[in-house]
Amino acid sequence: MKGSRSKAKADTRLSVKKGAAAGKKPVNKGKATKDPNKPKRPASAFFVFMEEFRKQYKEKHPNNKSVAAVGKAGGDKWKSLSDAEKAPFIAKAEKRKTEYEKNLQAYNKRLADGTGAEEEESDKSRSEVNDDEEDDEEGSGEEDDDDDDE
């Protein structure tokens with residue numbers, strides 16, 4: 001009976017190792033790449049405000065190179081603004097959001113039609129082919145090193 005238990009333990013250990021190794025490979029190769037044609041998400045009202053605020057802040061403080069200082073000053077200023085003062089920035093953000101949604105719908109329609117999906121698959125297959133070629137080159141270089149040692 002002891003022999004059967006040790007075999008069972010060995011099998012479970014082996015299966016755990018296989019599962020861990022198998023789990024790593026798909027994460028690296030299975031990660032989806034971002035489509036460069038997909039529209040970017042629009043800036044929020046705060047970031048629309050910050051675009052303008054950065055220009056003003058740099059004019060007043062030309063020697064300040066700290067990004068953190070600009071961000072902190074912008075955040076404090078945004079908090080102190082009233083709703084009426086925030087309204088133009090909110091309106092610009094809403095306008096950008098509606099434009100983004102329109103562009104995203106057009107993008108999704110193109111994907112559904114199949115024009116963008118074909119290009120994505122071909123790029124993926126090209127990268128896999130290039131990865132295989134690089135592995136072959138590395139392998140041949142190692143073989144040459146072994147021959148020199150003998």
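Axes here are lines fitted to C-alpha atoms, for helices over the stretch in contact, and angles run from 0 to 180 degrees between N-to-C directions. Helices are DSSP runs of H or I with at least four residues, numbered from the N terminus. The model is predicted, with local features needing pLDDT of at least 70 and side-chain atom pairs counting only at pLDDT 80 or more, while totals for chains, interfaces and linings use all residues. Residues are numbered from 1 along each chain as its sequence is written, and side-chain values use heavy atoms, leaving out hydrogens and water.

Helix H2 (residues 45-60) packs with helix H4 (residues 83-113) at an angle of about 115 degrees, the axes lying 8 Å apart. H2 is therefore roughly perpendicular to H4, a class that covers angles of 65 to 115 degrees. Contact means heavy atoms within 4.5 Å; Ala45, Val48, Phe49, Glu51 and Glu52 of H2 make it with Phe89, Ile90, Lys92, Ala93 and Arg96 of H4. By class, this contact of H2 with H4 has six nonpolar, no polar and four charged residues (Ala, Val, Leu, Ile, Met, Phe, Trp, Tyr, Cys and Pro count as nonpolar, Asp, Glu, Lys and Arg as charged, and the others, Gly among them, as polar).

H2 also packs with helix H3 (residues 67-80), at an angle of about 120 degrees and with axes 10 Å apart. H2 is therefore oblique to H3. On the H2 side, the residues in contact include Phe49, Phe53 and Tyr57, which meet H3 residues, among them Gly74, Lys77 and Trp78. The contact of H2 with H3 comprises 10 nonpolar, three polar and two charged residues.

The lining of the second largest pocket receives six residues from H2, which gives the most. Phe49, Phe53, Tyr57, Lys77 and Phe89 are among the lining residues. The lining divides into five nonpolar, two polar and three charged residues.

Conventions. Helices (H or I, at least four residues) and strands (E, at least two) are DSSP runs, numbered from the N terminus. Angles under 35 degrees count as roughly parallel, over 145 as roughly antiparallel, 65 to 115 as roughly perpendicular and the rest as oblique. On a 1 Å grid over the protein atoms alone, a cavity is a set of points where a 1.4 Å probe fits but cannot get out, and a pocket is an open set with protein on both sides within 12 Å along at least five of seven lines; lining residues have an atom within 4 Å of a point.
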